[in-house]
Amino acid sequence: MSTASPGQATGTSESPARTDQPAVRDYVPSAETIAAVLSPGARPARPSALSASVTFGWRAMLKIKHVPEQLFDVTAFPIMMTLMFTYLFGGALAGSTREYLQFLLPGIMVMSVVMTTMYTGVTVNNDIEKGVFDRFRSLPMWRPAPMVGYLLGDMFRYTMGATVILVLGLVLGFRPEGGVGGVLAGMALLVAFSFAFSWVWTMFGLMLRSEKSVMGTSMLVLFPLTFLSNILVDPETMPGWLQVFVDVNPVAHLVAAVRGLMAGEVDTGELVWVTASGGVLIVVFGTLTMRLYNRK
Amino acid sequence: METTEEKGAAAMSERTAELAIETSQLVKTFGDNRAVDGIDLAVPTGAVYGVLGPNGAGKTTTVRMLATLLRPDGGQARVFGHDVLREPNAVRSRVSLTGQYASVDEDLTGAENLVLLARLLGHRKPAARDRAAALLAAFGLEEAADRQVKNYSGGMRRRLDIAASILNTPDLLFLDEPTTGLDPRSRSQVWDIVRAVVAHGTTVLLTTQYMEEADRLAGRIAVIDHGKVIAEGTPGELKSSVGAGAVHVRLREAWQREQARQVLARTLDAQVQLDADPVALTARIMDGGTRDRAAAQASRALAELDEAGITVDDFSLGQPSLDEVFLALTGHPAEQADDSEQDGERESVEAAK
Ligand SMILES: Nc1ncnc2c1ncn2[C@@H]1O[C@H](COP(=O)(O)OP(=O)(O)OP(=O)(O)O)[C@@H](O)[C@H]1O
Ligand SMILES: [Mg+2]
């Protein structure tokens, strides 16, 4: 799995004493110009919670623009997963890869996107170590804004990941019954749930010391949640105790709901399940995240 | 909510009105380590207040508590009369911090960094762009505006950092070791910027490891060590407690050093240290005299050395260094020598005893 997180991609080497560019060599601070920028009239009112969050979302987009490598995670990884599982299990489980794909694609889309949510934790952890966070924290603004901003940026990545898989699926022969509306609704549900789920990672990103431990913990949480589910196979063949786990696994419910939407058979029960668990995730992990954030 | 806070604070104390910062018995512990161990500060408005101390003295920890980034474990701290614990937002709206480690986003360009902050302070997009452009111009960063900060030199990064900190026209600016690691030219640019900011009426709390820097910029200085204030006063008061200065001598011939030591000890009536460098020695002029008198004594010493037939390659009268201030104030040298020191100040390395 690639680890092209922003921090790594950019490198963090300090270069304290590099010489200035010739163009700015002759900079002489002028008391007048500095005084002029210090007296700009009235201070503006504090930005609203929404405006501050959207500004942080804009920061996330700028980072994607400057460090596009970070999109590697949401493109290469899903493509690999889709191809691997389609051709590995297709023949054995469903008779043909094409038939298996109709079952697998919504699930593998959920799996890939949910897996990429862990980079939120890595990004938060990377960022928090840097001085820029001190600056954000010393601003008089709505406190969760930086965290919400991350997640807004991440929703863009999730949408990209889901789109990549959809396109690949269509190329390989995925023909959803739910039509354009069903597919888009399924993707929207997936992205919304991933937003809620990412609060788990903002919490770990703030709680754990290093990027490595964030990655390790993410794996520990994500592997059971994605593999012990209805993504790859029908849970009916699993032993009873495992079915108990699958029954309460929110990812399994998400898969069922997305599958339903894409197949044109809306399952209201599953939709309620997914919405409720998303709400619980935001409340619980959002609160824990903000606790840690305020204490740091 | 903010207005009630402000009213409450105004009623709280008349006396603190003219103080930018007032702390009493401020404490922060990390496990067993008392990083800040009962600090009392009274920082008047409208000047630079220097906090001088070696590595690990507790400077950053103190500043972070005052900027509401770290919760004190004990004692009280008020910024413009607002308690840092109870009214953090009132404090945040009046202060700004330039951290010891660059607090700008390395992945973004200089302009993007400033626009981002202006937006977060509530400026609308066009106003934010204008403000960013004006600041970049005032700090000599126009050319670099659209380059990623990770490609900036140390000096440029510092300037951007300070520009970001004055975006909200703070009443109090914290500068945590703003010149550590900068070359002399970048350092003097930062000094000029600090002077301009203070001239405009902003109070600056500046931490540093360099006596010279505190001396040049600060109206008052607190010297801290092991989380405690060990001396406080104007630069003049501090220096006279330390001595008028130090004479640094480099000889051509190492074998003449013992003889030179005796000459210096006699003519300067000073304690003379043999430096690690076998041809160098340092004499501290102790008698609390003025700088002029120290200069007169120093030139007499140079003449005596010449008379004694000792060839001198380099001879200078320097400011008391932080090491010397420490030695004088605590009776022990500052514990951790700072390797990264690149300043023009002359540091004497004590000969092993
Ligand atoms: N987050 C932390 N956790 C544990 N110990 C800390 C933490 N921050 C600082 N310390 C300890 O507190 C003491 C004071 O540190 P501080 O960073 O305030 O010193 P400083 O005067 O700023 O030093 P420097 O000149 O190196 O920046 C040091 O012993 C340091 O190891
Ligand atoms: Mg420090």
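A nonpolar core here is a set of buried Ala, Val, Leu, Ile, Met, Phe, Trp, Tyr and Cys residues joined through side-chain atoms within 4.5 Å, where buried means under 20% relative accessible area (1.4 Å probe, protein chains only). The model is predicted: local features need pLDDT of at least 70, side-chain atom pairs count only at pLDDT 80 or more, and totals for chains, interfaces and linings use all residues. Residues are numbered from 1 along each chain as written, chains are lettered from A in the order written, and side-chain values use heavy atoms, without hydrogens or water.

Start with Phe136(A), Met147(A), Phe139(B) and Val204(B): these have the most contacts inside the largest nonpolar core, which has 76 residues. Zoom in on Phe136(A). Beyond neighbours within four places in sequence, Phe136(A) is in contact (heavy atoms within 4.5 Å) with Phe56(A), Arg59(A) and Met141(A), plus Leu116(B), Leu117(B) and Leu120(B). Next, pick Tyr100(A), Leu104(A), Tyr119(A) and Phe193(A), which are among the 50 residues of a second, separate core.

Helix 6 of chain A and helix 9 of chain A pack at about 30 degrees, axes 7 Å apart. That makes helix 6 of chain A roughly parallel to helix 9 of chain A, since angles under 35 degrees count as such. To see the contact, show residues including Gly121(A) and Val124(A) from helix 6 of chain A, and Trp201(A) and Gly205(A) from helix 9 of chain A.

Last stop, chain B: of its 353 residues, 58% count as buried.

How values were computed
Axes are lines fitted to C-alpha atoms, for helices over the stretch in contact, and angles run from 0 to 180 degrees between N-to-C directions. Helices (H or I, at least four residues) and strands (E, at least two) are DSSP runs, numbered from the N terminus. Angles under 35 degrees count as roughly parallel, over 145 as roughly antiparallel, 65 to 115 as roughly perpendicular and the rest as oblique.
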